[in-house]
Amino acid sequence: MSAGFRAVQWNQAKLVYDGILLAGVALYISAYLTLV
Amino acid sequence: MLTMILSIGPLARLDRRFLPLLYNRRHFGVLTFFVVLLHASFMVEWYAVQHALPSLYDELTKVSDYGKFIGFPFKALGLAALLILFLMAATSHDYWLVFLTPPVWKGLHMALYVGYGLVVMHVALGVMQYDYNPFIPAMLASGFGWVAVLHLVAGWRERAGDRAGARGSDGWLPVGPPLSIPDKGARIVAAPDGERIAVFRDGAQIGALSNLCPHQNGPIGEGRIIDGCVTCPWHGYQYRLADGCAPRPFTEKLVTYHVRIAHGVVEVDPRPLPPGTPAAMSYE
């Protein structure tokens, strides 16, 4: 309950989350290009 | 990506198992902004590579086109959506949440719905006009339909919960018998103006506090009493049940409400007291 602000950097979990999201984006785009 | 992001809110209200998605929603949003920025830069680059940037400029500034529906400059819609996402990404850090105050910050971030509408129209008036593959409108309609249905269902459920308490004759809101409030937990009731009140029970002590945590407006009523203090489930901010004040050395204060027991039913007075007013009662 303090008022300190820290710049929040990436950590392992966030990198995994980002990896999954970007993989999802790549999957979506490739699916789009094949189906459309 | 926006369809998924917009689904997280209602899903989390409908089933608590989706809550972990809610914790990372902000990060998801900032990433979406970057993906959109990439898309925008690819599009501009497409024009630049053909030395056709002036024609892009002409497309966006042809005033007569803005009067049409089918011919509306859809790229302008995309740009507007990009701007909204940029504003949201730029203010996504907690510093802005405090600086703008939680209600203002939340209001700004509700602009995502405007952004979503712009994106839907950007696709409808853009690629759907050139490429007649039925897959595109199917995806667009199903995504939008899914988000709309989810919101309606979750909203219906929340409204039903808020309306469930009938009004007492003098305006006090009935909560239920004292034992219907889980020990060390709360029941949440809604005042006529929509404000939610969390009525906690700690053994034989009953107190009513505002459901909004002063930190980031988290739902205090969904928290528990830990170490003798009401604890907000979002970031663990704590308040005494007796008077809604955070224990020293912290200075946060919650709005409190009078409670009474009438005919064996706990009732709460929806008129708020100044933050930090002692208002809890013991019923034994």
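Visitor: In which strand is B:Met281?
Guide: Bear in mind that this is a predicted model, where local features need pLDDT of at least 70, side-chain atom pairs count only at pLDDT 80 or more, and totals for chains, interfaces and linings use all residues, while side-chain values use heavy atoms, leaving out hydrogens and water. Residues are numbered from 1 along each chain as its sequence is written, with chains lettered from A and ligands numbered from 1 in the order in which they are written. Helices (H or I, at least four residues) and strands (E, at least two) are DSSP runs, numbered from the N terminus. For B:Met281, that gives residues 281-282 of chain B, strand β11.

Visitor: Which residues does B:Met281 touch, not counting those up to four places away in sequence?
Guide: Contact here means heavy atoms within 4.5 Å. With residues up to four places away left out, the partners of B:Met281 are B:Ala204, B:Gln205, B:Ile206, B:Val259, B:Arg260 and B:Ile261.

Visitor: And what separates the C-alpha atoms of B:Met281 and B:Ala242?
Guide: These two are 39 residues apart along the chain. Their C-alpha atoms are separated by 7.8 Å.

Visitor: Which residue of β6(B) does B:Arg224 stand opposite?
Guide: β5(B) and β6(B) (residues 229-231) run antiparallel, with three bridges joining them. Across from B:Arg224 sits B:Thr231.

Visitor: Which residue in the turn of the β2(B)-β3(B) hairpin has a positive phi?
Guide: β2(B) (residues 185-190) and β3(B) (residues 196-202) pair in the antiparallel sense over six bridges, with B:Ala190 opposite B:Arg196. Five residues lie between the two strands. The one in the turn with a phi of about 100° is B:Gly194.

Visitor: On to helices: is α1(B) roughly parallel or roughly antiparallel to α10(B)?
Guide: The axes (lines fitted to C-alpha atoms, for helices over the stretch in contact, with angles from 0 to 180 degrees between N-to-C directions) of α1(B) (residues 2-14) and α10(B) (residues 135-163) come within 9 Å and cross at roughly 25°. Angles under 35 degrees count as roughly parallel, over 145 as roughly antiparallel, 65 to 115 as roughly perpendicular and the rest as oblique. That makes α1(B) and α10(B) roughly parallel.

Visitor: How far apart are the axes of α3(B) and α5(B)?
Guide: α3(B) (residues 25-49) and α5(B) (residues 74-90) pack at an angle of about 145°. The contact uses B:Val30, B:Phe33, B:Val36, B:Leu37, B:Ala40 and B:Tyr47 of α3(B), and B:Lys75, B:Leu82, B:Leu85, B:Phe86 and B:Ala89 of α5(B). The axes are apart by 9 Å.

Visitor: And is α5(B) roughly parallel or roughly antiparallel to α8(B)?
Guide: α5(B) and α8(B) (residues 112-124) pack at an angle of about 155°, with their axes 8 Å apart. That makes the two helices roughly antiparallel.

Visitor: Which residues of α8(B) does α5(B) meet?
Guide: From α5(B), the residues taking part include B:Phe74, B:Leu77, B:Ala81 and B:Met88. On the α8(B) side they are B:Leu112, B:Val114, B:Gly115, B:Leu118, B:Val119, B:Met121 and B:His122.

Visitor: How many aromatic pairs are there over all chains?
Guide: Rings of Phe, Tyr and Trp (its six-membered ring) pair if their centres lie within 6.5 Å; planes under 30 degrees apart count as stacked, over 60 as edge-to-face and the rest as tilted. Over all chains, the count comes to 10.

Visitor: What kind of pair do A:Tyr17 and B:Phe28 make?
Guide: Their ring centres are 6.4 Å apart and their planes at 80°, so the pair is edge-to-face. A:Tyr17 lies in α1 (residues 12-35) of chain A and B:Phe28 in α3 of chain B, so the pair joins two chains. In short, the kind is edge-to-face.

Terms used
Two strands pair if DSSP finds at least two bridges between them.
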